[in-house]
Amino acid sequence: MGDSKAVDTVRLAVGALNKGDIDGYFDSFDPSCQRWVAGFDRPLSLTDVRDGLQQLQVAFEGLRLDEDLLFGDDRFACARWRTRGRHMNDFLGLAPAGRSIEIETWEVYEIGAGLVVATWTHGDVGQLFRQIAAKETDVI
């Protein structure tokens with residue numbers, strides 16, 4: 001059995017991102033798409049998301065989303081991702097220490113006319129900062 005249309009759309013986007021192609025990633029998103037992030041009062045625009053991804057891509061060598069789980073139907077996809085990379089450049093004022101990161105997130109994507117029209121993201125946003133700011137003796 002093949003994947004659903006929603007799963008195909010999400011995999012296409014993430015495949016581009018994992019090749020370092022941020023523009024290719026956003027080709028799978030409707031320009032009006034908003035990303036609702038657990039704990040935020042307002043959704044992020046695609047411009048906000050693009051800016052954040054560009055900062056991450058500069059700061060973390062080998063930045064990628066690894067798929068732990070991805071399923072869906074023609075309208076929705078649900079994913080559990082592991083964001084991975086190595087902190088090699090400044091990130092939001094934090095100097096690089098060469099530490100690897102692994103951040104787990106869950107997302108639901110709504111698809112319309114072959115594009116992502118909305119996303120809902122859940123994860124511990126503090127994970128990233130705890131991992132890159134940890135001392136060598138800290139357990140993460």
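Biologist: One term first. Buried means under 20% relative accessible area, exposed means over 50%, and partly exposed is in between. So where does arginine 35 fall, buried or exposed?

Modeller: Buried. Arginine 35 has 12% relative accessibility, and that is under the 20% limit, so it counts as buried. Keep in mind that this is a predicted model.

Biologist: Which salt bridge do the side chains of arginine 35 and glutamate 107 make, and at what N to O distance?

Modeller: Their side chains meet with N and O 3.7 Å apart. Arginine 35 sits in strand S1 and glutamate 107 in strand S5. The two are 72 residues apart, so the pair links distant parts of the chain.

Biologist: And glutamate 107, buried or exposed?

Modeller: Glutamate 107 is buried too, with a relative accessible area of 5%.

Biologist: How many salt bridges does the structure hold?

Modeller: It holds 13. The general idea is simple: side chains of opposite charge can pair when their charged atoms come close.

Biologist: Which residue forms a salt bridge with arginine 75?

Modeller: Glutamate 110. The closest N and O atoms are 2.6 Å apart. Arginine 75 is in the loop between S3 and S4, while glutamate 110 is in strand S5, so the bridge ties together parts 35 residues apart in sequence.

Biologist: How do arginine 75 and glutamate 110 count by accessibility?

Modeller: Arginine 75 is partly exposed at 46% relative accessibility. Glutamate 110 is buried at 15%.

Biologist: What about glutamate 102? Which side chain does it meet in a salt bridge?

Modeller: Arginine 84, at 3.2 Å from N to O. Glutamate 102 belongs to strand S5 and arginine 84 to strand S4, 18 residues apart. Glutamate 102 is partly exposed, with a relative accessible area of 36%. Arginine 84 is partly exposed as well, at 28%.

Biologist: Which residues are linked with Arg84 and Glu102 in a network of salt bridges?

Modeller: Arg64, Asp66, Asp68, Arg80, Arg82 and Glu104 join Arg84 and Glu102 in that network.

Biologist: New topic: strands. In which sense do S4 and S5 pair, parallel or antiparallel?

Modeller: Antiparallel, over eleven bridges. One of the contacts is tryptophan 81, whose bridge partner in S5 is threonine 105.

Biologist: And S5 with S6, over how many bridges?

Modeller: Eight, again in the antiparallel sense. Isoleucine 111 stands opposite valine 116 in S6.

Biologist: What do S5 and S6 form, and what lies between them?

Modeller: They form a hairpin with two residues between the strands. In the turn, alanine 113 has a positive phi of about 55°.

Biologist: Which elements supply at least two residues each of the lining?

Modeller: Strands S1 (29–37), S3 (60–72), S4 (76–87), S5 (100–112) and S6 (115–123) do, along with helices H3 (46–59) and H4 (126–133). The largest share comes from H3, with seven residues.

Biologist: By class, what does the lining have?

Modeller: It has 18 nonpolar, seven polar and six charged residues.

Biologist: Last one. Where is alanine 134 found?

Modeller: In the segment after H4. Alanine 134 is buried, with a relative accessible area of 7%. From C-alpha to C-alpha, alanine 134 and proline 31 are 37 Å apart in space, and they are 103 residues apart in sequence.

How values were computed. Residues numbered from 1 in each chain as written. Predicted model: local features only at pLDDT ≥ 70, side-chain atom pairs only at ≥ 80, totals over all residues. Heavy atoms only, no water. Helix = DSSP H or I, 4+ residues; strand = E, 2+ residues; numbered from the N terminus. Nonpolar A, V, L, I, M, F, W, Y, C, P; charged D, E, K, R; others polar. Salt bridge = Lys/Arg side-chain N within 4 Å of Asp/Glu carboxyl O. Buried < 20%, exposed > 50% of the residue type's maximum accessible area, 1.4 Å probe, protein only. Pairing = 2+ DSSP bridges.
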